[in-house]
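Please read each numbered point beside the structure.

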Amino acid sequence: MSLTPDDEVRSRDELVSFVEGLREDYLRRGHEWENQTLDSFLEALAAWVHASPGWYQNFGKELPESGDWTFLARALQAATVYE
């Protein structure tokens, strides 16, 4: 389960499918993931978001200025209490 630099998630449904795929990958081979705990996963998530302009630059892409950062933040927060 990985996105190439040219892949895009274009809809809410595609994001749901992607997150479900991540979960399935974790259940199958989570022992191979670099960040196996929620603590380390969230730390890596914050670090990557902080460094993301460099990732985009390295692949000749522009960081999406109009990305819906609020939606992603709300989704991450909701996952702490949503059943």
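**Note on charged pairs, rings and surface**

1. Asp25 and Arg29 are joined by a salt bridge, in which the closest N and O atoms lie 2.8 Å apart. Both residues belong to helix H1, where they are four residues apart, about one turn of the helix. The two ends of this pair may be described separately. Asp25 has a relative accessibility of 4% and therefore counts as buried, the limit being under 20%. Arg29, at 31% relative accessibility, counts as partly exposed.

2. Arg29 also takes part in a salt bridge with Glu32, and here the closest N and O atoms are 2.8 Å apart. Through salt bridges that share partners, Asp25, Arg28, Arg29 and Glu32 form one network.

3. The model under review is predicted. The mean pLDDT of the protein chain is 87, and 99% of the residues reach 70 or more. By element, confidence is highest in H1, with a mean of 92, and lowest in H3, with a mean of 81.

4. How many helices and how many strands does the secondary structure of the protein chain hold? The chain has three helices and zero strands, and the order of elements from the N terminus is α-α-α. Helix H1 covers residues 12-29, while H2 covers 38-58 and H3 covers 69-78. The C-alpha trace spans about 35 × 25 × 20 Å along its principal axes.

5. How many salt bridges does the structure hold in total? The count is five. One of them is between the side chains of Asp6 and Lys61, at 2.5 Å from N to O. This pair links distant parts of the chain, since Asp6 is in the segment before helix H1 and Lys61 is in the loop between H2 and H3, 55 residues apart. Asp6 is exposed, with a relative accessible area of 59%. Lys61, with a relative accessible area of 33%, is partly exposed.

6. The aromatic residues deserve a point of their own. Five aromatic pairs are counted. In the pair of Tyr26 and Trp33, the ring centres are 5.1 Å apart and the planes stand at 70°, so the arrangement is edge-to-face. Tyr26 has a relative accessibility of 35% and counts as partly exposed. Elsewhere, Trp48, Trp55, Tyr56 and Phe59 are linked into a cluster by ring pairs.

7. Which residues form the nonpolar patch on the surface? They are Trp48, Val49, Leu63, Trp69, Leu72 and Leu76, which together have about 530 Å² of accessible area. Helices H2 and H3 each supply at least two residues of this patch, and the largest share, three residues, comes from H3. Leu72 lies in helix H3. With 38% relative accessibility, Leu72 counts as partly exposed. The reader may wish to recall here that confidence is lowest in H3.

8. Some totals for the chain complete the picture. Of its 83 residues, 8% count as buried. The protein chain exposes about 7400 Å², of which carbon and sulfur atoms supply 54%. Among contacts with a separation of 6 or more, 23% are between residues 24 or more positions apart.

9. Is Val16 buried or partly exposed? Its relative accessibility is 37%, so Val16 counts as partly exposed. The C-alpha atoms of Val16 and Trp55 are separated by 23 Å, and the two residues are 39 residues apart along the chain.

Terms used:
Residues are numbered from 1 along each chain as its sequence is written. This is a predicted model: local features need pLDDT of at least 70, side-chain atom pairs count only at pLDDT 80 or more; totals for chains, interfaces and linings use all residues. Side-chain values use heavy atoms; hydrogens and water are left out. Patches are made of residues with over 30% relative accessible area and no salt bridge: like charges are joined within 9 Å, nonpolar side chains (Val, Leu, Ile, Met, Phe, Trp, Tyr) within 5 Å. Accessible areas come from the Shrake-Rupley method with a 1.4 Å probe; for residues, only the protein chains shown count as cover. A salt bridge is a side-chain nitrogen of Lys or Arg within 4 Å of a carboxyl oxygen of Asp or Glu. Buried means under 20% relative accessible area, exposed over 50%, partly exposed in between (1.4 Å probe, protein chains only). Rings of Phe, Tyr and Trp (its six-membered ring) pair if their centres lie within 6.5 Å; planes under 30 degrees apart count as stacked, over 60 as edge-to-face and the rest as tilted. Contact means heavy atoms within 4.5 Å. pLDDT is the predictor's confidence in each residue, from 0 to 100.
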